[in-house]
Amino acid sequence: MGTPKTTMAGPVNLTLPEGDPNPVAGCQQCLGVAVTRANARSVGDYSKATDANVALRTHLREDHRAE
């Protein structure tokens, strides 16, 4: 029986995380999510801030046709 392989085949290439999505001026829902994100960051709740980014990206894609 051979020795099991314990290393990866090649290097792992990581990219920088995406920047924060920007709210659309005049949209109350965008503003609400952006405020939630800012409040979460101000108290160190980065999980909630990330959730707000996901919600804002979804809203932008579905309601503002942004990519």
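Q: Hi! How many residues does helix 1 have, and how far does it reach?
A: Helix 1 has 15 residues and reaches 21 Å from its first C-alpha to its last, close to the 21 Å expected at 1.5 Å a residue. The expected span is 1.5 Å times one less than the number of residues. Helices here are DSSP runs (H or I, at least four residues), numbered from the N terminus.

Q: What kind of model is this, and how are the residues numbered?
A: It is a predicted model, where local features need pLDDT of at least 70 and side-chain atom pairs count only at pLDDT 80 or more, while totals for chains, interfaces and linings use all residues. Residues are numbered from 1 along each chain as its sequence is written, and side-chain values use heavy atoms, with hydrogens and water left out.

Q: Thanks! Which residues of helix 1 are buried?
A: They are Cys 30, Val 33, Ala 34, Arg 37 and Ala 40. Buried means under 20% relative accessible area, exposed means over 50%, and partly exposed is in between (1.4 Å probe, protein chains only).

Q: What do the buried residues of helix 1 pack against?
A: They pack against helix 2, and the buried residues of helix 2 pack against helix 1 in turn.

Q: OK, helix 2 then. What span should its 18 residues have?
A: At 1.5 Å a residue they should span 26 Å, and the end C-alpha atoms of helix 2 are 25 Å apart, which agrees. Its buried residues are Ala 49, Ala 52, Asn 53, Leu 56, His 59 and Leu 60. Seen down the axis of helix 2, they fall within an arc of 130°, so they line one face of the helix.

Q: Which residues make up the largest nonpolar core?
A: There are six in all: Cys 27, Cys 30, Val 33, Ala 52, Leu 56 and Leu 60. A nonpolar core is a set of buried Ala, Val, Leu, Ile, Met, Phe, Trp, Tyr and Cys residues joined through side-chain atoms within 4.5 Å.

Q: Which helix gives the most to this core?
A: Helix 2 does, with three residues, though helix 1 and helix 2 each supply at least two.

Q: What does Val 33 touch?
A: Leaving aside neighbours within four places in sequence, Val 33 is in contact (heavy atoms within 4.5 Å) with Ala 52, Ala 55 and Leu 56.

Q: Switching to charges: how many salt bridges are there?
A: The structure holds two. A salt bridge is a side-chain nitrogen of Lys or Arg within 4 Å of a carboxyl oxygen of Asp or Glu. In one, the side chains of Arg 57 and Glu 18 meet at 3.3 Å, N to O. Arg 57 lies in helix 2 (residues 46-63) and Glu 18 in the segment before helix 1 (28-42), so the pair ties together parts that are 39 residues apart in sequence.

Q: Are those two residues buried or exposed, and what are the numbers?
A: Arg 57 counts as partly exposed at 25% relative accessibility, whereas Glu 18 is exposed at 63%.

Q: And which side chains meet at 2.7 Å?
A: Asp 20 and Arg 41 do, in a salt bridge at 2.7 Å, N to O. Asp 20 lies in the segment before helix 1 and Arg 41 in helix 1, so this pair links parts 21 residues apart in sequence. Asp 20 is partly exposed at 34%, and Arg 41 is partly exposed at 33%.

Q: Last one: which residue takes a positive phi just after helix 1?
A: Gly 44 does, at about 80°. Just after helix 2, Arg 65 takes a positive phi of about 60°.

How values were computed. The arc is that of the directions from the helix axis to the C-beta atoms.
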